[in-house]
Amino acid sequence: MSDKKLSGEVFYPSENTLKDLRVKKWDDLQKAASEDYEGFWSNIASELHWFRKWKKVIDDSKKPFYKWFTEAKTNIVYNCLDVHMETFRKNKLALIWEGENGDFKAFSYYALHRETNKFANVLKSMGVRKGDRVTIYMGRVPEIVIAMLACARIGAIHSVVYGGFSVEALHERLEDSHSKLLIVADGAYQRGKIVNLKSIADEALQRAASVEHVLVVKRTGHEINMEFGRDMWYHELMNMPFAKSKCEAEEMDSEDPLFMLYTSGTTGKPKAILHTHGGYMVGVYATLRYVFDINDEDRYWCAADPGWITGHSYIVYGPLLNGATSFLYEGAPNFPYPNRWWQMIEKYGITILYTAPTAIRGLMRFGDAWPGRHDLSSLRLLGSVGEPINPEAWRWYHSVIGGGRCPIMDTWWQTETGMFMITPMPSVPLKPGSGTRPFPGIEMDILDEEGKPVKDNEEGFLVIKTPWPAMIRTIYNDDDRYVEQYWSKYPGYYLTGDSARRDEDGYFWIIGRVDDVLKVSGYRLGTAEIESALVSHNAVSEAAAIGLPHDVKGNAIYTYVILRAGVQGSKELMEELRNHVGHEVGPIAKPESIEFVESLPKTRSGKIMRRVLKAKALGEDPGNLSTLED
């Protein structure tokens, strides 16, 4: 970046920070990428292993169905594990895990390679082949990482369902993916209680015809139902003769599917975002390497869940591609006390912490004394992900957790992008609340309704103008929806669905979603999913959900419900409906408030006008009501 004086509140990197960085000047990287974009990505891809090299870096002959590294052969897991078997990293720690109850496990690269191979052979013995879909439903335990890697090793497509989702959400994802196999834990620990994942899975499986087998990981050891002929224990299969510690990695085409991951859309049905082996691998490898300047001395902790894209890219694949040591923690940030995270940072010597603003705001509420009890001097970089971080939380994170010396990498990206898109690097001056600029070579803009670029500091639609390696390839089994949702509003440009502004220094500021998707605690939830869950209750005839600002969660879910004739609203019914949503979608989707109403504001075409409900709830002017039916 240029040396011109930046406007507003700016934090410049210290000499200490700059001293040992791999990339000291953003401008040099940006120049290389803009002068030869394909060459830039080709050079990075050349740092990884390919069974056969590519003919073309980007094939844009069938836009927007871009292909990357065409005709190349690789396997992301070969690059995550096998390449390290020939180096000193073979005996280096790949993964350190702590359970909420204090359980501990650690895996060297050699051990993780062995366990992945063994489980890959177990999957093969179950009849899982290249291209088959496998659903994974667990808490934050090492087996979720092993299961993902084992699927990818043999060319099966994994579909990880967040362990906080409930019956209907799991069932829907099993059905849509036509999964052959479900891998589930008996339960997970959360705030000292057991989340009974297996019983949720049993209920979801009652209507999931494609699932042939269920492999169960024993985590909590509580009593569960095991259906004869269908359900088998993971640990028993891993001790069978066929679970050999050698399993060749399948040679995958660069464009072969790696995983599908469901994300909330503006309609009731979640959509499966499809990512591939080659481009995704190059994108997450490069972004983690440059943005967090990851090196062999680091102890890196991404405190997300593997069930979300952040976990896929920056807990599982990104760190292993870079040969890093990663930390994984099972439970809640403040259990049993608000110092749990700070205690673990001190205990394990964590050098990089990457988490969501929700967690930062939640821990900030407990004050400075809890982190003050611990030595956090091992930290050198901090990161933020999932939603825009408010400046107050940024400053607390920087001064109290980072001791004023750790730059904060505030990253904007999506399930669909697969990798960081707007992000600083440790050498870049930072403004609290801004993700700075697009990653080198990636062009982004902010457009008005007509598709014209807006002026500085004006809000508009955030778009991506250039293809990028880890980009979504399509929506699984729905190419038309992919084109319609992401490429139709501004042909040739990818529509992110977020609104943003850019300041006079070229720094981007994300404002929030422009569609009917809520960000709650950094997780995307569709209003349609919440509304569908409410309407599935026999007392409800219609429902609308909106997000209202919340100090900790970012958004809290507020709902408006029209009851069926003859049903009376009550506090008891309100609680029953909240629990019903929790059962159908997951506890994270429970509404903060339910208001019983006689009617809902709608357009003449019948679309609920959520902005009117939001304005009413916030006591604001609802704006133009010309399209309102009544």
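What follows is a short chat about a predicted model.

Colleague: What should I know about the model before we start?
Modeller: It's predicted, so local features need pLDDT of at least 70 and side-chain atom pairs count only at pLDDT 80 or more, while totals for chains, interfaces and linings use all residues. Residues are numbered from 1 along each chain as its sequence is written, and side-chain values use heavy atoms, with hydrogens and water left out.

Colleague: OK. Is Pro469 buried or exposed?
Modeller: Buried, because its relative accessibility is 0%; the cut-offs are under 20% relative accessible area for buried, over 50% for exposed and partly exposed in between, with a 1.4 Å probe and protein chains only.

Colleague: And where is Pro469 found?
Modeller: In the loop between strand 22 (460-464) and strand 23 (474-475). Strands here are DSSP runs of E, at least two residues, numbered from the N terminus.

Colleague: Which residues is Pro469 in contact with?
Modeller: Leaving aside neighbours within four places in sequence, they include Trp41, Trp68, Phe69 and Gly283; contact means heavy atoms within 4.5 Å. Pro469 and Gly283 are 186 residues apart in sequence, but 5.5 Å apart in space, C-alpha to C-alpha.

Colleague: Back to strand 22. Which way do strand 22 and strand 24 pair?
Modeller: Antiparallel, over four bridges, with strand 24 covering residues 494-502. Pairing takes at least two DSSP bridges between two strands. Ile464 has Tyr494 as its bridge partner in strand 24.

Colleague: In what order do the four strands of the open sheet run?
Modeller: 21-22-24-25, with antiparallel pairing. Strand 21 (444-447) and strand 25 (508-513) each have a single partner strand, so one side of each has no neighbour in the sheet.
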